[in-house]
Amino acid sequence: MTRRRESARPHRLTIVLADWCPHCVPLSERRAGQLAGVLRVPLRRLDIDLRSEERAADRIVREHGDASPDYLIPQVFLEFEDGTVQHLLTGFSEEVARTARAWKDMFASDWLRSLRKKAGT
């Protein structure tokens with residue numbers, strides 16, 4: 001795994017999802033959009049059911065996420081200018097409220113406050 005330089009700035013937020021998944025749409029899609037706004041980066045949406053996006057979705061999950069033959073979604077990744085990728089969140093197979101709590105915890109985290117401070121947001 002490539003180690004990210006502390007000075008590396010966020011470049012893009014990627015969410016791997018499916019339109020049929022209640023943990024993904026609208027919950028995680030909306031929250032990912034909010035996070036991208038906070039970090040001032042574009043949001044890339046990869047739908048596992050679209051042939052044109054499936055390969056990229058599988059690759060980022062396999063290389064940086066919680067991979068298994070039938071992996072959980074959503075999965076969210078922060079990509080940095082130096083090419084490193086940080087896995088931020090995997091949805092839960094339990095109730096949607098559990099995934100909502102994970103998003104709430106991320107927005108309240110010291111990690112995000114620190115990252116915002118470095119980015120000047």
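Let me start inside the fold. Beyond its neighbours within four places in sequence, W103 is in contact with L27, S28, R31, A32, L35, V76 and L89. Contact here means heavy atoms within 4.5 Å.

A word on the source. This is a predicted model, where local features need pLDDT of at least 70, side-chain atom pairs count only at pLDDT 80 or more, and totals for chains, interfaces and linings use all residues. Residues are numbered from 1 along each chain as its sequence is written, and side-chain values use heavy atoms, with hydrogens and water left out.

Back to W103. It sits in helix 3. Its relative accessible area is 0%, so W103 is buried. The scale is this: buried is under 20% relative accessible area, exposed is over 50%, and partly exposed is in between, with a 1.4 Å probe and protein chains only. The W103 side chain also makes a polar contact with the side chain of S28, at 2.9 Å. A polar contact is a pair of N or O atoms within 3.5 Å; within protein, one must be able to donate a hydrogen and the other to accept it, and residues adjacent in sequence count only if both atoms are side-chain atoms. For distance, take R40: W103 and R40 are 63 residues apart in sequence, and their C-alpha atoms are 18 Å apart in space.

Now the whole chain. There are four helices and four strands. Helices are DSSP runs of H or I with at least four residues, strands are runs of E with at least two, and both are numbered from the N terminus. The order from the N terminus is β-α-β-α-β-β-α-α. The radius of gyration is 14 Å, close to the 14 Å from the globule rule for 121 residues, so the chain is as compact as a globular protein of that length. That radius is taken over C-alpha atoms, and the rule is 2.2 Å times the number of residues to the power 0.38. Along the principal axes, the C-alpha trace spans about 35 × 30 × 20 Å.

How much of the chain is buried? Of its 121 residues, 39%. Among contacts between residues at least 6 apart in sequence, 60% join residues at least 24 apart.

Charges next. The chain carries 21 positive and 18 negative side chains, and the centres of the two sets lie 8 Å apart. Lys and Arg count as positive, Asp and Glu as negative; His and the chain ends are not counted. Each charge is placed at NZ of Lys, CZ of Arg, CG of Asp or CD of Glu.

On to I60, in helix 2, residues 51-64. At 5% relative accessibility, I60 counts as buried. Its contacts outside four places in sequence are T14, V16, R44, L46, G65, F77, E79 and V85. I60 and M106 are 46 residues apart along the chain, with 20 Å between their C-alpha atoms.

Buried or exposed: what about E81? Exposed, at 55% relative accessibility. E81 is in the loop between strand 3 (75-80) and strand 4 (85-90). E81 and T99 are 18 residues apart in sequence, yet 28 Å apart from C-alpha to C-alpha.

Last, S109. This one is in the loop between helix 3 (96-107) and helix 4 (110-119). S109 counts as buried, at 18% relative accessibility. Which backbone atom does the side chain of S109 reach? The backbone nitrogen of L112, at 3.1 Å.
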